[in-house]
Amino acid sequence: MNKKTVTALLSTMIFLSCHSNLSKQGNSAKYKINTPSFNADSIYRYNSRQAVSGPHVPNTAQQIIYPPSLQVGDLVVILSPASNIDKDIINGQKERLESWGLRVKIAKHALSKHHDFAGTPTQRLSDLQKALDNPEVKAVFCSRGGYGTVHLMENLNLTKFKESPKWLVGYSDITALHNLLQKEGVASIHGLMGKHLATEPANDPQIQHLHSLLFGETPRYESTRNKLNIPGTASGTLHGGNLSVFYGLRGTPYDFPAEGTILVIEDVGERPYHIERMMFNLQMGGVLERLSGLIVGQFTEYSEDNAIGKTVYKMIRDMVKPYGYPVCFDFPVGHTVQNEPLVLGSNVTLEITGKKATLSFSKPQ
């Protein structure tokens, strides 16, 4: 076979391959050069972005379970699933919850210390499992985040918990537990923990909002205009929390579903290049293009890095702008005093105009 014949055959094969793949994408497909990695899954992601480029609607495949609202006299538990904590903070947290008329139990190992953790993995797991299993317990309040929740994930049994679901409250490293509960179809609260509850005054707006939410009110938040906001309206299921924590769960059974999600992200103490690396993971993994909306919370305890050529917020905006969904910046959630409680797993509507951003939660059915 001579060189001209080989060239002709290769040209025919390439043409047939391109024609076959473009036919699979339908009339809405844009011309795309095929590569060895352009498989069925990447075709699905490409088409899904085209399909939802107009109105963004929630993924209703999973029915979410909302735990019952709290009532005066209910029993709640304070525990420490991750890093250890000072007893004065837990005692202050207990006093705050008791001022709401709740009966408060401090878990057996909540004040334990094992290296940087609040006890061994076995001790922390025991506290959490007992609290989740006990039908008399109506809410579980985490004392702090830090690191260590991931040690417990694979050994938790949620069978009894789903028979008598209760609110789990926490953020930061507790994002891992939120992912786990949403995987099981149960809503949970990304909200205040020990230090804030123990040290801020009773009239603190975020404390009042958490109290109202737990006792049955449906939240609705407004955030002031940010020049980086991308306007629009979207509905979807609220997922996310601490970027580093859920990034660490990517590719595991505890990852969140991207389709139909309004994602909320925040972080603390991360260098800008690492934040960019995590965002590229979400981009290249097909997550960003499949979202219905994005809420960018507070990124704290870091310095902007001129080496990457832009601020963290500007970097995030440039990555998500092509997808066309609404994006809110500087939302009051994260490692800051203004940390509004959010019901993760809930259906929400994000509306962004030139004047403000509004996040509305659907009432439990």
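A salt bridge is a side-chain nitrogen of Lys or Arg within 4 Å of a carboxyl oxygen of Asp or Glu. E222 and R220 form one, and their closest N and O atoms are 3.2 Å apart.

This is a predicted model: local features need pLDDT of at least 70, side-chain atom pairs count only at pLDDT 80 or more, and totals for chains, interfaces and linings use all residues. Residues are numbered from 1 along each chain as its sequence is written, and side-chain values use heavy atoms, with hydrogens and water left out.

## Salt bridges

Side chains of opposite charge can pair when their charged atoms come close. How many salt bridges does the structure hold? There are 9. The table lists some of them.

| Pair | Closest N and O atoms |
|---|---|
| E222 and R220 | 3.2 Å |
| D255 and R250 | 2.9 Å |
| R290 and E259 | 3.1 Å |

The R290 and E259 bridge has its closest N and O atoms 3.1 Å apart. R290 lies in the loop between helix 10 (272–284) and strand 9 (293–300), and E259 in the loop between helix 9 (243–247) and strand 8 (261–268), so the pair ties together parts that are 31 residues apart in sequence. Helices (H or I, at least four residues) and strands (E, at least two) are DSSP runs, numbered from the N terminus.

Are R290 and E259 buried or exposed? Both are buried. Buried means under 20% relative accessible area, exposed means over 50%, and partly exposed is in between (1.4 Å probe, protein chains only). E222 has a relative accessible area of 46%, so E222 is partly exposed. R250, at 22%, also counts as partly exposed.

## The sheet

Strands of a sheet pair through backbone hydrogen bonds, either parallel or antiparallel. Here 6 strands form an open sheet in the order 2-1-3-4-5-11, with mixed pairing. Two strands pair if DSSP finds at least two bridges between them. Which strands stand at the edges? They are strand 2 (103–106) and strand 11 (342–344). Each has a single partner strand, so one side of each is left without a neighbour in the sheet. The twist averages 25 degrees from one strand to the next.

V76 has V104 in strand 2 as its bridge partner.

Helices pack on this sheet. Helix 3 (residues 87–99) touches strand 1, strand 2 and strand 3 (137–142), and its direction makes about 160 degrees with that of strand 2. Helix 4 (residues 121–133) touches strand 1 and strand 3, and its direction makes about 165 degrees with that of strand 1. Axes are lines fitted to C-alpha atoms, for helices over the stretch in contact, and angles run from 0 to 180 degrees between N-to-C directions. Contact means heavy atoms within 4.5 Å.

## Nonpolar cores

In soluble globular proteins, nonpolar side chains tend to be buried together. A nonpolar core is a set of buried Ala, Val, Leu, Ile, Met, Phe, Trp, Tyr and Cys residues joined through side-chain atoms within 4.5 Å. The largest core has 68 residues, and L97, L214, L238 and L342 touch the most other members. Leaving aside neighbours within four places in sequence, L342 has contacts that include L238, Y221, F331 and F361. A second, separate core has 28 residues, among them F256, L263, M278 and F329.

## Aromatic pairs

The whole structure has 6 aromatic pairs. Rings of Phe, Tyr and Trp (its six-membered ring) pair if their centres lie within 6.5 Å; planes under 30 degrees apart count as stacked, over 60 as edge-to-face and the rest as tilted.

Y221 and F331 are edge-to-face, at 6.4 Å centre to centre and 75 degrees between the planes. Y221 lies in strand 6 (residues 220–224) and F331 in the loop between strand 10 and strand 11, so the pair ties together parts that are 110 residues apart in sequence. Both Y221 and F331 are buried. Y323 and Y325 form a stacked pair, at 6.0 Å centre to centre and 25 degrees between the planes. Y323 and Y325 are buried too. Ring pairs also link Y221, F331 and F361 into a cluster.

## Two loop residues

G324 sits in the loop between helix 11 (312–320) and strand 10 (327–329). Its relative accessibility is 46%, so G324 counts as partly exposed. S164 is in the loop between helix 5 (159–163) and strand 4 (167–170). With a relative accessible area of 18%, S164 is buried. Leaving aside neighbours within four places in sequence, S164 is in contact with D133 and P135.
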